[in-house]
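Hi everyone, thanks for making time for this. Let me put the structure up on the screen, and then we can walk through it together.

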Amino acid sequence: MKALYFVIIISLCCIGCNSTKINKTTSSIPSEVNISENDTLRIENDSLEYEVIIIEPGFNSWLLSTAKPEGYYSQQYLESKNYIYVVEWNNRVRMPSRYDPNLYELTIDYRPDIDYGYEVNYKMYNYFIYFQLKYNQKLSGAFPRI
C-alpha cells in the first residue's frame, strides 16, 4: 500500500515539542492527548491509497488566514519545493545528534514519481512554511517568505 506517513511525523513533532509522546507502535493518538477538531487537517485519496493528517495546533487557522490561497502556486512549483523540504527533513531525522529529535522524529515517504494532486502538495508546502516559521528552522537555504 502506498502511504504517505506525513501524519505520523507531524503529530509526533507537534506532540513531541509539547513533551507528550505518541506510542509509535500504533497509529492512534493516546487518550490523554486532547486535540481539537479545528487543529486537524485531513486529506485522502482512495485511488492512490494515501492519507495525510496534519495535527498541529494553530496550523489550520494559519493556513486560512496567512497562507497564499489555493491556486496561487502551480502544482509543479509545490512539488519541487516539497521535494527539497522532504529531502532535508529526512536528512535531519537521520542525524538526531545534530537536529532536535523531538522536531524530526520520522521520515516522510514522498516520492516525486507519484502525483499526489494539488491539494496534498499545497497543504504539505504550507505546513513546511508554517513549521519553519513556528520553530525557527530553515529547511532550505533561507527562511521562507509568505
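Predicted model: local features only at pLDDT ≥ 70, side-chain atom pairs only at ≥ 80, totals over all residues.

With 19 residues at 1.5 Å a residue, H3 should span 27 Å, and its end C-alpha atoms are 26 Å apart, so the two agree. Which residues of H3 are buried? They are Leu78, Asn82, Tyr85, Val86, Trp89, Asn90, Arg92 and Val93. These cover an arc of only 145° around the axis, which puts them on the same side of H3.

Now for the core. The largest nonpolar core has 32 residues, and among those with the most contacts inside it are Trp89, Phe128 and Phe131. Strand S2, helix H2, H3 and H4 each supply at least two residues, and H4 gives the most, with 11.

Staying with helix H4, residues 118-135, we find Gln132 there. Gln132 counts as buried, at 0% relative accessibility. Leaving aside residues up to four places away in sequence, Gln132 touches several others, including Tyr85, Leu139 and Pro144.

On to the rings, which I think you'll enjoy. The whole structure holds 20 aromatic pairs. One of them, Tyr99 with Tyr104, is edge-to-face, at 6.2 Å centre to centre and 75° between the planes. Both of these tyrosines are buried. Phe131 and Tyr135 make a tilted pair, at 5.2 Å and 50°; they sit 4 residues apart in H4, about one turn of the helix. Phe131 has a relative accessible area of 0%, while Tyr135 is at 17% and still counts as buried.

Last, two charges over rings: the charged end of Lys68 lies 5.1 Å from the ring centre of Tyr72, and that of Lys138 lies 5.6 Å from the ring centre of Phe143.

Technical notes: Residues numbered from 1 in each chain as written. Heavy atoms only, no water. Expected span 1.5 Å × (residues − 1). Buried < 20%, exposed > 50% of the residue type's maximum accessible area, 1.4 Å probe, protein only. Arc of directions from axis to C-beta. Contact = heavy atoms within 4.5 Å. Core = buried A, V, L, I, M, F, W, Y, C linked by side-chain atoms within 4.5 Å. Phe/Tyr/Trp six-rings, centres within 6.5 Å; stacked < 30°, edge-to-face > 60°. Lys NZ or Arg CZ within 6 Å of the ring centre and 35° of its normal.
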